Amino acid sequence: MAAPFNRVYRPLWRIITTTTLNKVVRNVSSTRRQWSAGVASPWALHGAVCLQRLPVVSQDRSPIEESFIELMRQMELERSLLSDHELRLLEDAARMSRKQEEDYDSDEEEEDYRDKEIVTAQDLEDIWEQKLKQFQPAPRSQGVDEKDVSSSERCLAESLILLVEKDVGSQKLWLLPQIQWQTGETLRQTAERALASLPGADLKATFLGNAPCGFYKYKYPKDIQKEGGVGAKVFFFKAVLSSHKHLPLEKKSFAWVKKDELQDFLKPEYLKQVRRFIMAL
Amino acid sequence: MNTLLNKVLLLQNTQALVCAVSSVQSQLLTTHMALGVLLTNRQYRSMPTHGIGKYRHLLPKALPKKKKDRVQVKQIKAATATEFGVFNVCVSGYDMTLVEHYSQYIHNLCNHLDIKVDESYALPTKSTEVMLMQEQGTKMYLDAVLKTHERIVQISEMKATLFPIFMDVVLKNQPEGVRFCVKQHSETDFQARFKTRPELEGLLAKINN
């Protein structure tokens with residue numbers, strides 16, 4: 001994890017800076033002041049959003065898990081005591097068998113039997129079974145083709161990430177939605193703007209925090225570099241899709257992909273950085 | 001000097017009391033014992049075996065039993081720029097096993113990630129009666145009783161950089177049928193856990209009116 005590594009790293013850095021000479025330290029501070037005054041960094045800042053559609057249903061169990069669950073259920077059943085309803089069933093059955101005998105005397109029965117005579121436990125069970133048959137559980141899959149990446153209803157058991165196809169320079173690339181940072185706004189607002197500016201999409205998302213989760217740095221090709229700006233730095237923010245029902249997006253430019261399908265869409269360098277913060281279940 | 005004289009006198013006394021003993025060792029032993037019993041000034045602090053039988057200092061400090069104080073309202077820590085304050089993670093649902101297991105999962109995750117968990121408690125179960133109209137007639141009859149269970153894990157001083165990761169993990173592992181929400185902790189939340197005292201409130205109302 002990054003956190004413990006930082007903890008080890010920081011004291012070392014502090015030791016190095018404290019042992020440097022005063023002259024060097026003064027120089028560093030003066031250049032820092034200069035930098036904040038107006039010298040722009042050659043790197044352009046971008047904010048990007050990693051929009052995730054969370055899993056809707058739980059994953060299917062593997063065969064070992066199935067057999068283990070069956071075993072545990074059976075053990076629990078064998079160890080359990082009889083419930084009130086089951087006791088009543090047994091009593092009713094015993095009462096029925098006693099009724100069939102020749103020397104049956106109904107006065108010998110208990111007081112509270114007379115109320116239960118009308119509706120026995122077996123009748124109740126039958127009524128409940130009828131009700132259960134009328135119950136329709138929601139389907140586990142919405143019937144969408146699993147290979148259709150443009151639908152967000154695919155693979156309900158896993159989390160999906162939104163990818164956008166964008167023109168970068170001369171070529172079309174698949175990326176996480178990103179947009180350039182403007183002065184005066186926080187990077188999280190940039191990411192929110194990136195989400196809102198997607199054409200044809202009405203996506204309501206909840207951002208998980210103000211801190212970015214990932215970072216990617218790339219240099220412009222040589223011919224663009226002369227105009228100014230060495231490259232761009234992209235900061236990724238995590239967000240969770242809150243509204244499930246929205247208008248279907250344009251097929252060509254949007255994709256909802258699982259983590260293992262990312263390699264089919266993203267460039268290797270970009271993929272390496274993005275993979276670090278995307279968590280598959 | 002005084003002690004030496006005492007010793008000499010006692011020696012004479014004990015020799016008279018004790019029977020004729022030949023060995024020096026036995027004499028010394030008996031004189032030691034007699035010294036321990038008869039002497040009041042504690043000369044044997046310098047002896048290496050001084051305090052040999054003491055054990056009270058080894059027992060844990062038993063504080064005097066104090067009566068249970070009224071549960072104090074803890075100071076709710078405010079959020080700083082890099083850390084959240086105190087917030088509650090509420091897990092609620094109808095299935096108690098799922099709710100409990102999920103809250104235990106969150107608690108264990110916090111322990112594993114070194115996130116400070118202040119408290120982990122359960123709110124009282126709420127029963128909802130589902131009443132259906134009868135087919136013939138206007139009377140409502142009881143169809144089912146649904147119980148809502150709620151478990152709360154209170155977290156404090158969580159780093160803002162860790163929070164999106166934590167939320168991501170917890171949301172992705174949320175089981176079906178369990179409601180999950182994160183709320184800021186407040187004074188009212190704390191007071192809501194206590195029982196109401198109707199007599200006290202009645203008396204207060206009388207005083208105010």
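Predicted model: local features only at pLDDT ≥ 70, side-chain atom pairs only at ≥ 80, totals over all residues.

Colleague: What elements does chain B have, and in which order do they run from the N terminus?

Modeller: Chain B has six helices and four strands. Their order is α-α-β-α-β-β-α-β-α-α. Chain B holds 209 residues, and 22% are buried.

Colleague: What makes you say that α4(B) is largely enclosed?

Modeller: A residue is called buried when its relative accessible area is under 20%. Nine of the 10 residues of α4(B) are buried, so the rest of the structure largely encloses this helix. Among them are B:F163, B:F166, B:M167 and B:L171. The charged residues B:D168 and B:K172 are buried as well.

Colleague: How many residues does each chain bring to the contact between chain B and chain A?

Modeller: Chain B gives 14 residues and chain A gives 17. Together they bury about 1,200 Å², with 63% of it on carbon and sulfur atoms. B:D168, B:K172 and B:E176 supply 47% of the area that chain B buries there, more than any other three residues.

Colleague: Why is the pair A:K238 and B:D168 called a salt bridge?

Modeller: The rule asks for a side-chain nitrogen of Lys or Arg within 4 Å of a carboxyl oxygen of Asp or Glu. A:K238 and B:D168 meet N to O at 2.7 Å. That is within the limit, so the pair qualifies. The count between the two chains is one salt bridge. Polar contacts across the interface come to five residue pairs.

Colleague: Which element gives the most to the side of chain B that touches chain A?

Modeller: That is α4(B), with seven residues. Both β3 (140-156) and α4 (163-172) of chain B supply at least two. By class, this side has eight nonpolar, two polar and four charged residues.

Colleague: Now chain A. How do you know that the buried residues of α9(A) lie on the same side?

Modeller: In α9(A), residues 268-277, the buried ones are A:Y270, A:L271, A:V274 and A:F277. They span an arc of only 125° around the axis, so they sit on the same side of α9(A). They pack against β1, β3, β4, β6 and β7 of chain A.

Colleague: Which exposed residues are on the face turned away?

Modeller: A:P268, A:E269, A:K272 and A:R276. Exposed means over 50% relative accessible area.

Terms used: Residues numbered from 1 in each chain as written. Chains lettered and ligands numbered in written order. Heavy atoms only, no water. Contact = heavy atoms within 4.5 Å. Buried area = accessible area lost by both parts, 1.4 Å probe. Polar contact = N/O pair within 3.5 Å; in protein donor to acceptor, adjacent residues only side chain to side chain. Buried < 20%, exposed > 50% of the residue type's maximum accessible area, 1.4 Å probe, protein only. Arc of directions from axis to C-beta.
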